[in-house]
Amino acid sequence: MRILIVEDNIELAGLISRGLAASGYELDVVNALGDARLALAGVGYLALILDLGLPDGDGMTLLRELRARDEPIPVLILTARSGLDDRVAGLKSGADDYLVKPFAIEELVARLQAILRRPGQFLGRSLSLANLTYDTESRQVFIGGEPRLFSARELTALEILLRRQGRVVPKKAIEDHMFGLTGEVASNAVEVYVSRLRKQLDGFGATVEVRTIRGVGYLLSEAK
């Protein structure tokens, strides 16, 4: 589950990153409006945490651009602007929530999870298919009721496939959630991790299968 953080305070961005990473999220951090636009154009993010006072403009401008294009990405504004008019303006411009600095990282995580649990959004506490269950908060997989260990990349692939079970997930979507803006990615990286995931699932006796839809992506379904 990859989140984009737009925050020009490097120390604060690091604090947020560590807090969200501890809760199981994958993260990209940018420090300016222009970089945020580039990141959003290239990666499909689960949510956006947006500061308003950025060195090259106002974060509210980006929010309005997203909503003008009917972009559904959840946006949590994180800012020092504490006035009632500021909060109202943020919410009216399309923000899903508005959190004022200073804040507790636990509250940020809780608010983000609440946004993602809303109808039509991406997050659910427990995901299940056949004899496999995945707890999204503890990032624990159970197969036949027994806890099983997977690597972080395998979990990322499994989670996005579970959330869209029965539907084809494009390879690019899996790649985005695995790697985001981390740099060069080997052309076969997704295939390698999906192959490892298949072997793990088979070895643990999961009654699910990951099918390759050639030229498109992958589909998770109950094994026949």
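Helices (H or I, at least four residues) and strands (E, at least two) are DSSP runs, numbered from the N terminus. With that noted, I started on the loops: Gly-215 is found in the one between S13 and strand S14 (217–222).

**Ground rules.** I'm working on a predicted model, where local features need pLDDT of at least 70, side-chain atom pairs count only at pLDDT 80 or more, and totals for chains, interfaces and linings use all residues. Residues are numbered from 1 along each chain as its sequence is written, and side-chain values use heavy atoms, with hydrogens and water left out.

**Gly-215, continued.** I looked up its accessibility next. Gly-215 comes out at 83% relative accessibility, so I put it down as exposed (exposed is over 50% relative accessible area, buried is under 20%, partly exposed is in between; 1.4 Å probe, protein chains only).

I found a cis peptide bond from Lys-101 to Pro-102, with omega near -10°. Pro-102 sits in the loop between strand S7 (97–100) and helix H5 (105–116).

Asp-70 has one, at about 60°, and lies in the loop between H3 and strand S6 (75–79). Asp-70 is exposed, at 66% relative accessibility. Ala-130 has a positive phi too, near 55°. I placed Ala-130 in the loop between strand S8 (126–129) and strand S9 (132–135), and its relative accessible area of 41% makes Ala-130 partly exposed.

**Aromatic pairs.** How many aromatic pairs does the structure hold? I get two. For the bookkeeping, rings of Phe, Tyr and Trp (its six-membered ring) pair if their centres lie within 6.5 Å; planes under 30 degrees apart count as stacked, over 60 as edge-to-face and the rest as tilted.

Phe-150 and Phe-204 are edge-to-face, 5.5 Å centre to centre with 70° between the planes. Phe-150 lies in the loop between strand S11 (146–148) and helix H6 (152–163), and Phe-204 in the loop between helix H8 (189–203) and strand S13 (208–213), so this pair ties together parts 54 residues apart in sequence. Phe-150 is buried at 11% relative accessible area, while Phe-204 is partly exposed at 24%.

Phe-179 and Tyr-193 have ring centres 6.4 Å apart and planes at 50°, so I call that pair tilted. Phe-179 is in helix H7 (residues 171–179) and Tyr-193 in helix H8, so the pair ties together parts 14 residues apart in sequence. Both Phe-179 and Tyr-193 are buried.

**Helix packing.** I took H6 and H7 next. Their axes come within 10 Å and cross at roughly 135° (axes are lines fitted to C-alpha atoms, for helices over the stretch in contact, and angles run from 0 to 180 degrees between N-to-C directions). H6 and H7 are therefore oblique to each other; under 35 degrees would be roughly parallel, over 145 roughly antiparallel, 65 to 115 roughly perpendicular, and the rest is oblique.

Which residues meet there? Arg-153, Thr-156, Ala-157, Ile-160 and Leu-161 of H6 meet Ala-173, Ile-174, His-177, Met-178 and Phe-179 of H7, contact being heavy atoms within 4.5 Å.

Last, I looked at helix H2 (residues 33–42) and helix H3 (residues 59–68), which pack at about 25° with axes 10 Å apart. That makes H2 roughly parallel to H3.
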